[in-house]
Amino acid sequence: MQLRTFGRTGMQLSVLGFGCGAVGGLMVRGDAADQERTVARAIAAGVNYFDTAVLYGDGESEKNLGRILQKLKPANVAVGTKVRLPPSDHGRIDEAVRTSLEGSLSRLRLERVDILHLHNPITGQGGGPALSVRQVLDDVVPAFERLRQQGKIRFLGMTALGDTAALYQVIDARAFDSAQVVYNMLNPSAADELPQNYPAQDYGRLFDHTEAAGVGVVGIRVLAGGALSGSAERHPIAGAAPEPIGSALSYDVDIDRARRLMPLVEDGFVSSLTEAATRFALSHPAMGTILVGMATPQQFEDALAAAEKGPLPQAALDRLAELRQAFAGEAR
C-alpha cells in the first residue's frame, strides 16, 4: 500500500483510507464479524487511516470501530473523528466541542484521536447548520487547540463544505492541519478549472490552497455517495441514496452522468466505473488519503484492488475530461 506524507503533519497515511460512514453502512449496520474481518483485512493490507464521526449511526460507527481496534490492537493506525455543532450550540462552542469529543473518545475506547474534523459546512456569514468563517477561526480553532494541548487530539481538521470563498479563508489561515475535500469524476474542481456553465459547485482549485498552507487532504465523496457505480441499486445495509454534495442536485442525475462515463470501461482503461472513480481520486498528488465507504467486505476488496492499480494513466484522464465536457450547460 502506497503511503503519502499528509500535509505538514509528518504522518504517512495510506492512499486508501477506511471510511466508517453511514452511506456504505458496514460499520453502522453491518454484521459484527464482517466488520471485524474487514478492518483486520484492511490493516493487513496496509490501510492505516480510519475515519468515523459521531453522526454516523448516532455513535454506532465509533462504538464498532472502538470495539474492533481494542481487540486487534494494531500498531501505527491513525483514527479521525468529527464534531458537528447544531445551531443550538453555536453560542457555546468550546463546551460543545469538548463534550462531543469526550463522548467520541469513550465510544472509541481511546485516550486521543489523531484528527478531529469540524463537520459543519462553512460560509461567509454562517446561519442554519453552517458556521461563519469568524466562528470557525475565533471559536472552533481555540476550542480544538485546547484539546490538543490536553493531549486529546493530535491535529485539527475541517470538512471543506460550504462556500468556496469561505473555505479559502479558513484554509489560508493555516489553523487546520487536515481538510476533507470533495473530489470525484463528476466534480474535479478542487484540482482543475471546470468548463463554463458546468453543473456542479466550483471549488476553485482548492488544492492550490491546501498545498500552499501545508494542509493534508482527505478525499471524500470519491464515489459520489455511490452514484459513480453507475447503478441505482443499493445494498440492504447501505444508507438511503444520499443528498449529492458538490455535484448535481439529485442523486438520479449523478447516476445518469456517471453512466455517460462508461467509455472509460469500454475503451479498456478500467474494468468498472468504481475502479475508475477510486483511481481517479488518488491520481492527484495533493491527495493524502481517499475514503471509500462500503456495505460489504467485498466492496472493500474492490476498493483495495483499484487502489493497488495506482493512478489512472494520462490518456484515461484526458478521455474523462473530454466526456465531462458534454455536461457543460446542463441544469445542475
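The legends below describe close-up views of a predicted model. Local features need pLDDT of at least 70 and side-chain atom pairs count only at pLDDT 80 or more, while totals for chains, interfaces and linings use all residues. Residues are numbered from 1 along each chain as its sequence is written, and side-chain values use heavy atoms, with hydrogens and water left out.

**View 1**
Helix H10 spans residues 273–281; helices (H or I, at least four residues) and strands (E, at least two) are DSSP runs, numbered from the N terminus. Eight of the nine residues of H10 are buried, where buried means under 20% relative accessible area, exposed over 50%, and partly exposed in between (1.4 Å probe, protein chains only). Leu273, Glu275, Ala276, Ala277, Thr278, Arg279, Phe280 and Ala281 are the buried residues of H10. They pack against helices H8 (251–259), H9 (263–266), H11 (297–309) and H12 (314–325), and against strand S12 (289–292).

**View 1. Methionine 185 in the nonpolar core.**
The largest nonpolar core has 107 residues, of which Phe18, Phe144 and Met185 touch the most other members. Such a core is a set of buried Ala, Val, Leu, Ile, Met, Phe, Trp, Tyr and Cys residues joined through side-chain atoms within 4.5 Å. Helix H5 (residues 133–149) gives the largest share of this core, eight residues. Not counting residues up to four places away in sequence, methionine 185 touches Leu228, Leu261, Leu264, Leu273, Ala276, Ala277, Phe280, Leu320 and Arg324; contact means heavy atoms within 4.5 Å. Among these partners, Leu273, Ala276, Ala277 and Phe280 are also buried residues of H10.

**View 2. Helices H6 and H7.**
The axes of H6 (residues 164–172) and H7 (residues 206–213) come within 9 Å and cross at roughly 10 degrees. Axes are lines fitted to C-alpha atoms, for helices over the stretch in contact, and angles run from 0 to 180 degrees between N-to-C directions. H6 and H7 are therefore roughly parallel to each other (angles under 35 degrees count as roughly parallel, over 145 as roughly antiparallel, 65 to 115 as roughly perpendicular and the rest as oblique). From H6, Leu167, Tyr168, Ile171 and Asp172 meet Leu206, His209, Thr210 and Ala213 of H7.

**View 3. Isoleucine 68 in helix H3.**
Isoleucine 68 belongs to helix H3 (residues 60–72) and is buried, with a relative accessible area of 1%. Valine 39 is 29 residues apart from isoleucine 68 in sequence, and 7.7 Å apart in space, C-alpha to C-alpha.

Aspartate 51 lies in strand S4 (residues 49–51) and is buried, at a relative accessible area of 1%. Its side chain and that of tyrosine 49 are joined by a polar contact of 2.8 Å. A polar contact is a pair of N or O atoms within 3.5 Å; within protein, one must be able to donate a hydrogen and the other to accept it, and residues adjacent in sequence count only if both atoms are side-chain atoms. Serine 104, in helix H4 (residues 93–108), counts as buried at 1% relative accessibility. The side chains of serine 104 and glutamate 62 make a polar contact (2.7 Å).
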